[in-house]
Amino acid sequence: MSVRTFRASVLTLAIASVAALGIAQPASAAGDNYVALGDSYSSGVGAGSYTSESGDCKRSTNAYPYLWRNANAPSSFAFVACSGATTSSVSSGQLGALSSSTTLVSVTAGGNDVGFADVMQTCVLQSEAACVSRVNTAVSATQNSLPGRLDSLYAGIRSRAPQAHVVVLGYPRFYKLSGTCIAGLTETERGAINNASDVLNGVLAKRAADAGFTYSSVVDEFTGHELCSGDAWIHSVSIPVTNSYHPKAVGQSNGYLPAFNSAA
């Protein structure tokens with residue numbers, strides 16, 4: 001056998017072996033038809049670089065759905081998440097992006113249903129007692145009314161995208177307790193807000209599991225990067241005010257994107 005023939009044979013064998021292992025094949029994401037649903041945590045409020053077409057929905061090119069699209073080149077990509085969305089507005093205004101050919105869906109929803117913005121406004125502007133009372137009201141809504149709303153949303157997603165792998169993402173804890181903040185909310189207020197986030201995430205995880213969806217927490221990713229940590233990936237009270245208590249660009253890229261990657 002000549003050297004040239006030997007090299008050709010080895011090359012052919014190597015190519016066949018790599019193909020058999022799947023190493024030479026394109027990533028499976030290349031065949032995905034991906035739809036990103038949800039509220040401001042999915043649209044990327046606080047991350048800047050908003051697309052002109054998204055208007056008040058504030059869809060950011062720094063948001064995790066856009067970053068995942070850039071890294072994985074799916075066959076199709078529909079980014080319809082919108083700032084301020086609730087479970088009902090996702091159902092009524094975003095599910096049209098889904099179809100029987102959709103293979104991957106991400107969604108964040110639930111925080112606005114229980115009055116996330118009003119909770120934080122109350123806690124920033126009013127007394128500790130008023131803050132804790134408002135948080136407790138939100139926790140009650142999370143436990144009592146939100147599960148049914150999530151069930152309705154998830155059923156709508158499954159009906160329109162029966163073959164899709166659906167990833168439900170949670171919300172970060174906002175505060176590192178006993179952290180570096182010397183002003184602002186009290187430790188009691190911060191602890192109550194963190195507890196409310198834990199309750200919300202627990203409900204999301206349970207309803208997602210019951211729907212046959214995959215739940216992905218972001219708490220671990222944001223641990224050490226909460227407000228009062230000294231390296232926050234979340235905006236505190238900010239200008240513009242809409243950025244307040246939303247992930248920065250680094251929170252999307254280093255927090256939400258890895259959490260989605262691990263489940264997608």
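Helices (H or I, at least four residues) and strands (E, at least two) are DSSP runs, numbered from the N terminus. The exercises below concern a predicted model, in which local features need pLDDT of at least 70, side-chain atom pairs count only at pLDDT 80 or more, and totals for chains, interfaces and linings use all residues. Residues are numbered from 1 along each chain as its sequence is written, and side-chain values use heavy atoms, with hydrogens and water left out.

**Exercise 1. A surface patch**

Locate leucine 125 in the secondary structure, and identify the nonpolar surface patch to which Leu125 belongs.

Solution. 
1. Leucine 125 is placed in helix α5, which covers residues 116–125.
2. Leucine 125 has a relative accessible area of 64% and is therefore exposed; the classes are buried under 20% relative accessible area, exposed over 50%, and partly exposed in between (1.4 Å probe, protein chains only).
3. On the surface, Leu125 forms a nonpolar patch with Val124 and Val237, and together they have about 280 Å² of accessible area.
4. Patches are made of residues with over 30% relative accessible area and no salt bridge; like charges are joined within 9 Å, and nonpolar side chains (Val, Leu, Ile, Met, Phe, Trp, Tyr) within 5 Å. A salt bridge is a side-chain nitrogen of Lys or Arg within 4 Å of a carboxyl oxygen of Asp or Glu. Accessible areas come from the Shrake-Rupley method with a 1.4 Å probe, and for residues only the protein chains shown count as cover.

**Exercise 2. The disulfides**

Determine how many disulfides the whole structure holds, and describe the pairing of the bonded cysteines in sequence order.

Solution. 
1. With a disulfide taken as a pair of cysteine sulfur atoms within 2.5 Å, a search of the whole structure gives 3 disulfides.
2. Cysteine 57 is bonded to cysteine 82, with the sulfur atoms 2.0 Å apart. Cysteine 57 lies in the loop between α2 (40–43) and α3 (64–72) and cysteine 82 in the loop between β2 (76–79) and α4 (87–93), so this pair ties together parts 25 residues apart in sequence. The torsion about their S-S bond is about -80°, so the disulfide is left-handed. Cysteine 57 counts as buried at 17% relative accessibility, as does cysteine 82 at 16%.
3. Cysteine 123 is joined to cysteine 131, S to S 2.0 Å. Here the torsion about the S-S bond is about 80°, so the disulfide is right-handed. Both cysteine 123 and cysteine 131 are buried.
4. The sulfur atoms of cysteine 181 and cysteine 228 are 2.1 Å apart. This pair links distant parts of the chain, 47 residues apart: cysteine 181 is in the loop between β4 (165–169) and α8 (187–210), and cysteine 228 in the loop between α9 (219–222) and α10 (249–263). The S-S torsion of cysteine 181 and cysteine 228 is about -105°, so the disulfide is left-handed. Cysteine 181 is partly exposed at 32% relative accessibility, whereas cysteine 228 is buried at 5%.
5. In sequence order, the bonded cysteines pair 1-2, 3-4, 5-6.

**Exercise 3. Helix α8 and arginine 207**

Compare the span of α8 with the expected value, and list the contacts of arginine 207 beyond its sequence neighbours.

Solution. 
1. The expected span of a helix is 1.5 Å times one less than its number of residues. With 24 residues, α8 reaches 35 Å from its first C-alpha to its last, close to the expected 34 Å.
2. Arginine 207 is found in α8 and counts as buried at 17% relative accessibility.
3. Leaving aside neighbours within four places in sequence, arginine 207 is in contact (heavy atoms within 4.5 Å) with Pro147, Leu150, Asp151 and Tyr154.
4. Arginine 207 and proline 147 are 60 residues apart in sequence, yet 6.6 Å apart in space, C-alpha to C-alpha.
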